[in-house]
Amino acid sequence: MEIAIISGKGGTGKSSISAAFATLSGQPVVLADCDVDAANLHILFAPTHEEDQVYIAGQTAVIDYSICTHCGICMDYCQFDAIHSMDGKITISETSCDGCHLCARVCPHGAITMVDNDKSRMYSGAFRNGRMVYGRLAPGEENSGKLVNMVRDKAKAIAKDYNLENIIIDGPPGIGCAVISSITGTNHVVVVTEPTLSGLHDLKRALEIVEKFSLKAWVIINKYDLNDDMSRQIEQHCHDRGIPLAGKLPFNPSVVEAMVNLKSIIEWQPQSEFSRQIGAIWNTITQSK
Amino acid sequence: MISIKPMRIAIASGKGGTGKTLVATSLFYALQRERIEATLVDCDAEEPNVMSFFQGQLEKSAEVMQRVPVIDENKCTYCGKCHEYCNYKAIFILTPMKVIKVMEDLCHGCGACTVACEYGAIVEKDVSLGQVNQYAVSGNSKIIESRMNVGVYSPVRVIKAAINESNDRRVVIMDSPPGTSCPFIQTVARADFVILVTEPTPFGLSDLKQSVETLKTMGKSCGVIINRAGLGNDAIYGYLHDQGIPLLLEIPFDREIASTYSKGKIVAAEKRHLQTLLLSVFNIIVKKYGNSHHQR
């Protein structure tokens with residue numbers, strides 16, 4: 001079973017909850033950190049480094065100035081405003097180039113080549129409650145959705161090899177391509193929100209994307225007691241939309257304490273009421289029909 | 001109206017939910033109170049939130065479009081050249097079966113297929129990626145919101161379009177999307193100075209390091225605001241010291257701040273003290289970095 005944890009808004013506690021789900025006792029899992037832009041769970045779990053793989057995030061156009069005549073034809077074709085002429089010299093902006101290859105194709109002198117963006121990586125290994133896969137997108141690189149797919153494929157292969165039933169996917173914030181790639185085809189999508197106006201606003205957009213792909217959605221309201229009124233509004237919204245509430249968790253400074261000690265809250269305070277609640281939420285989700 | 005040097009500040013963070021929007025809305029509010037004509041650009045096109053904190057009059061709303069190919073099957077010879085030119089695998093073709101299909105979601109609108117086609121079988125149509133909404137708020141201040149449509153893959157074009165609407169404005173605050181990938185780069189590329197908002201936790205520090213490294217390669221100056229100070233540990237202070245990165249401000253962890261923000265209220269409007277602190281941060285930044293090199 002694949003369970004994706006996403007949030008729309010950042011900082012709602014998505015990764016802390018993923019970490020907790022990944023360390024419930026008696027059930028080893030495959031943990032896939034698909035927040036490839038800001039992968040964090042390896043900090044808590046220090047997985048062994050067994051395998052890494054280069055991920056080609058796309059390409060960037062580069063001019064060979066020994067050939068370029070600065071004719072500017074490439075500039076006319078670029079749809080990304082990446083090619084500029086300054087004092088008669090043509091330059092390509094690395095940050096704006098989308099890697100479409102068109103400039104290289106139209107250059108009459110063959111002065112432009114495409115270079116692979118090959119700084120991103122995918123890693124996998126063992127952690128203390130199973131196996132872990134995570135991706136790291138190099139700064140400024142694009143197509144994080146494809147790296148997410150690669151991480152998920154690897155996680156599925158590992159689940160099969162090691163005979164592990166559950167894959168926990170820690171997704172990225174937002175609703176863009178990396179989120180779509182993190183949730184498509186999963187059995188459950190858990191949207192973690194917080195009782196703020198921004199939280200509610202972002203939750204609505206996150207649920208829209210889950211519904212667009214006809215996936216099974218759940219909502220967790222984290223830190224619900226920071227604003228009871230807003231929590232009620234969120235509950236009402238879920239009710240009206242027919243989305244089940246998997247549970248509500250109170251604000252708990254021990255979650256940060258656990259993180260500082262490089263533990264999940266389940267590992268840090270296994271006997272606490274809070275940890276019991278997380279276990280109950282997990283059961284609600286995984287035992288549903 | 002106080003005249004001030006042109007200045008573009010991006011408020012960013014690697015990790016989400018550290019308080020970027022809290023800082024951006026509070027700083028913008030503080031500038032308004034000082035009668036400094038400012039523009040706040042909400043560059044978080046995936047989850048734009050800024051307008052839920054302000055009242056404003058919608059002045060202008062424009063769709064951000066992208067061109068995608070439409071294939072005229074009467075003219076198409078199924079030669080496959082467009083498929084070969086497409087670097088995004090957005091054109092599916094089965095030559096022997098005479099099947100060709102454009103996957104609009106994968107198309108980046110580069111126009112390569114149109115150039116490739118020798119039979120004039122490809123025309124282009126516009127599809128909407130999102131909107132750029134401009135609001136007039138008090139005085140001559142303005143909010144420009146980028147809003148990507150749900151289901152669109154990349155917010156970059158929408159963000160760029162929103163930032164371009166602020167080109168002629170003197171004081172611009174940009175609320176950046178989280179992360180360090182393209183949407184972040186597109187935002188900070190247009191800034192004179194970047195304020196990184198973080199929290200003193202291992203996740204916060206890890207993501208801060210990645211943001212700092214990215215900004216370094218881009219040659220951008222930055223400073224840090226630590227939000228929820230007191231929660232977590234103090235590893236971050238050692239890091240800032242070692243890197244020589246200025247600590248601009250600490251906002252203590254305070255349930256009252258969390259509660260104010262949760263109701264969609266501007267924290268600086270309730271906490272006057274924060275206004276004063278943010279203004280002095282702003283003045284220091286303007287004095288040192290204000291000249292807007294990057295204004296195109």
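**Entry: between the two domains of chain B**

I began by looking for salt bridges between domain 1 of chain B and domain 2 of chain B, and the count is zero. A note to keep in mind: this is a predicted model.

Next I checked where the domains run. Domain 1 of chain B covers 7-54 + 137-289, and domain 2 covers 66-128. Their C-alpha centres lie 40 Å apart. How many residues are in contact here? I found four residues of domain 1 of chain B in contact with five residues of domain 2 of chain B.

I also looked up the buried area, which is about 350 Å² for these two domains, with carbon and sulfur atoms giving 38% of it. On the side of domain 1 of chain B, the residues that lose the most area to domain 2 are B:Asn149, B:Tyr153 and B:Arg157, together 89% of what that side buries.

**Entry: the domains of chain A**

For chain A, the assignment gives domain 1 as 2-56 + 119-286 and domain 2 as 59-116. I looked up the distance between the C-alpha centres of domain 1 and domain 2 of chain A, and it is 40 Å.

**Entry: where the chains meet**

Now to chain A against chain B. The contact takes 59 residues from chain A and 56 residues from chain B. Together the two chains bury about 4,900 Å², and 55% of that is on carbon and sulfur atoms. In chain A, the residues losing the most area to chain B are A:Asp37, A:Arg105 and A:Arg205, which together make up 12% of what that side buries.

A:Arg205 came up again when I turned to charges: it forms a salt bridge with B:Glu47, with the closest N and O atoms 3.7 Å apart. The rule finds two salt bridges across the interface of chain A and chain B. It also finds 28 residue pairs in polar contact there, both residues at pLDDT 80 or more.

Which helix of chain A gives the largest share of the side that touches chain B? I found that helix 7 of chain A does, with nine residues.

I had a general point in mind here: in soluble globular proteins, nonpolar side chains tend to be buried together. The largest nonpolar core in this model has 77 residues, and those with the most contacts inside it are A:Val210, B:Val194, B:Leu196 and B:Leu208. Helix 5 (residues 144-161) of chain A gives the most to this core, seven residues. Another core, of 41 residues, lies apart from it and includes B:Met7, B:Leu31, B:Ala38 and B:Tyr261.

I then followed B:Leu208. Neighbours within four places in sequence aside, B:Leu208 is in contact with B:Leu196, B:Thr198, B:Val224, B:Ile236, B:Tyr239 and B:Leu240.

**Entry: a glutamine in helix 10**

Last, I picked B:Gln275, which lies in helix 10 (residues 272-289) of chain B. Is B:Gln275 buried or exposed? B:Gln275 counts as buried because its relative accessibility is 7%, and the cut-off for buried is under 20%.

The side chain of B:Gln275 reaches the backbone oxygen of B:Ala268 at 2.9 Å. Leaving aside neighbours within four places in sequence, I found B:Gln275 in contact with B:Tyr29, B:Ala30, B:Arg33, B:Ala268 and B:Ala269.

Note on methods
Residues are numbered from 1 along each chain as its sequence is written. Chains are lettered from A and ligands numbered from 1 in the order in which they are written. This is a predicted model: local features need pLDDT of at least 70, side-chain atom pairs count only at pLDDT 80 or more; totals for chains, interfaces and linings use all residues. Side-chain values use heavy atoms; hydrogens and water are left out. A nonpolar core is a set of buried Ala, Val, Leu, Ile, Met, Phe, Trp, Tyr and Cys residues joined through side-chain atoms within 4.5 Å. Buried means under 20% relative accessible area, exposed over 50%, partly exposed in between (1.4 Å probe, protein chains only). Helices (H or I, at least four residues) and strands (E, at least two) are DSSP runs, numbered from the N terminus. Contact means heavy atoms within 4.5 Å. Domain bounds come from an automatic or database domain assignment. Buried area is the accessible area (1.4 Å probe) that two parts lose on being put together, summed over both. A salt bridge is a side-chain nitrogen of Lys or Arg within 4 Å of a carboxyl oxygen of Asp or Glu. A polar contact is a pair of N or O atoms within 3.5 Å; within protein, one must be able to donate a hydrogen and the other to accept it, and residues adjacent in sequence count only if both atoms are side-chain atoms.
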